[in-house]
Amino acid sequence: MAARSETDSSSRQIRIDTLHRCEPARTALLVVDMQCGFLAPGASLEVPQGRAIVPRIRALLAGCRRAGAAVIFTRFVYSPAVPCLRGEPFGVEHLPVPPGRSPGYDRPSANCLTAPEAGLEAESPAIIPELAPQPQELVVTSHLYDKFLDTPLDLALRSRHLTHLIVTGVTTDICVNCTVLAASNRNYRVTVATDAVATYDDAIHAACFDIWRRKFARLRTTQQLLADLKPRRGKSYETITPRPIAHAQKPLAASA
């Protein structure tokens with residue numbers, strides 16, 4: 001019985017791998033919320049583990065751009081004009097800093113806040129300079145954890161006949177998780193770069209992997225994905241220059 005179970009599991013994984021293999025012409029790399037407000041030292045919602053994945057995301061950016069795969073970034077923002085639950089009560093760090101108060105974790109800190117009281121320096125919503133988008137690459141700005149909901153992301157993917165996603169970024173359990181589930185439920189073939197996502201808690205990080213591999217996504221390392229993007233023996237992929245897409249919102253300049 002155990003042998004049969006192992007055989008069934010192996011067969012299932014082969015089918016998943018076949019359906020999810022990332023050929024550049026139909027694949028987009030999605031870089032989720034790699035922003036100063038989550039990665040800068042001293043930010044109220046700093047994710048120190050997120051800085052460790054920057055080199056691997058850079059490698060995937062270079063590999064996808066070289067192969068002609070699309071690259072898309074997301075940014076989380078908060079605005080008092082959109083007073084959703086992502087501020088009070090679940091993300092008070094995104095609220096404006098009251099006069100005379102100090103920012104910090106579990107306190108209003110203007111984290112990833114947009115105008116007129118935009119978060120500055122460590123709290124800025126800007127994508128970190130090390131991962132700066134190129135001019136033709138889409139930057140999706142969202143007030144929510146699910147980057148498909150009420151954004152042009154799905155339209156951008158479908159308009160370019162993109163069916164496969166490589167997902168990277170922060171945090172594994174919040175914006176990455178919501179976006180992975182949303183993509184899979186829209187029938188995108190999702191692969192998560194396991195060494196290019198990060199969160200605060202190792203146990204929660206591992207639990208997300210367990211959930212995704214069961215029903216939602218294929219799991220691969222950066223090196224495995226870079227190999228995936230290379231032409232298979234006897235087959236060469238056409239290098240396609242991604243067509244420019246208008247930004248959902250122009251990326252902010254990084255703070256000094």
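This is a guided tour of the model in your viewer, one selection at a time.

**Before you start**

The model is predicted, so to speak of local features a pLDDT of at least 70 is needed, side-chain atom pairs count only at pLDDT 80 or more, and totals for chains, interfaces and linings use all residues. Residues are numbered from 1 along each chain as its sequence is written, and side-chain values use heavy atoms, with hydrogens and water left out.

**Stop 1: the whole chain**

Show everything as a cartoon. The protein has eight helices and six strands; helices (H or I, at least four residues) and strands (E, at least two) are DSSP runs, numbered from the N terminus. Following the sequence, you pass through α-β-α-α-α-β-β-α-β-α-β-α-β-α.

Of the 256 residues, 49% count as buried; buried means under 20% relative accessible area, exposed over 50%, and partly exposed in between, with a 1.4 Å probe and protein chains only. Among contacts (heavy atoms within 4.5 Å) between residues at least 6 apart in sequence, 75% join residues at least 24 apart.

**Stop 2: the sheet**

Select the six strands. They form an open sheet in the order β3-β2-β1-β4-β5-β6, with parallel pairing; two strands pair if DSSP finds at least two bridges between them. β3 and β6 (218-220) are at the edges with a single partner strand each, so one side of each has no neighbour in the sheet. On average, neighbouring strands are turned by 25° against each other, direction ignored. Such angles run from 0 to 180 degrees between N-to-C directions, with axes that are lines fitted to C-alpha atoms, for helices over the stretch in contact.

Strand β5 (residues 189-198) pairs with β6 in the parallel sense over three bridges, and Thr191 has Arg218 in β6 as its bridge partner.

**Stop 3: strand β2**

Select residues 70-76. How many residues of β2 are buried? Seven of its seven are. In a regular strand the side chains alternate between the two faces of the sheet. Here Ala70, Ile72, Thr74 and Phe76 are buried on one side, and Val71, Phe73 and Arg75 are buried on the other.

Now bring in the neighbours of β2:

- Strand β1 (residues 27-32) runs parallel to β2 and is joined to β2 by five bridges; look for Ala28 opposite Ala70.
- Strand β3 (residues 138-142) also pairs with β2 in the parallel sense, over five bridges; here Ile72 stands opposite Leu138.

**Stop 4: the nonpolar cores**

A nonpolar core is a set of buried Ala, Val, Leu, Ile, Met, Phe, Trp, Tyr and Cys residues joined through side-chain atoms within 4.5 Å. The largest has 39 residues, and Leu29, Met34, Ile57, Leu61, Phe73 and Leu131 have the most contacts inside it. Elements that give two or more residues to this core are β1, α2 (36-39), α4 (54-67), β2, β4 (164-170), β5 and α8 (222-228). Which element gives the most? Helix α4 does, with five residues.

Centre on Leu29. Leaving aside residues up to four places away in sequence, Leu29 touches Leu60, Leu61, Cys64, Ala70, Val71, Ile72, Ile166 and Thr168. Apart from this core lies another, of 28 residues, including Ala28, Leu157, Val167 and Leu219.

**Stop 5: the cysteines**

The structure holds zero disulfides (a disulfide is a pair of cysteine sulfur atoms within 2.5 Å). For Cys112, the nearest cysteine sulfur is that of Cys36, 8.5 Å away. Cys112 is buried, at 0% relative accessibility. For Cys208, the nearest is that of Cys178, at 9.5 Å; Cys208 is buried too, with a relative accessible area of 7%.

**Stop 6: backbone details**

Stay with Cys112, which lies in the loop between β2 and β3. Its phi is positive, about 55°, although it is not a glycine. Ala110 is in the loop between β2 and β3 and has a positive phi near 60°; Ala110 is buried, at 12% relative accessibility.

Finish with two cis peptide bonds. One joins Glu88 and Pro89, with omega about 10°, and Pro89 lies in the loop between β2 and β3. Another runs from Val170 to Thr171, with omega near -15°; Thr171 is in the loop between β4 and α6 (172-185).
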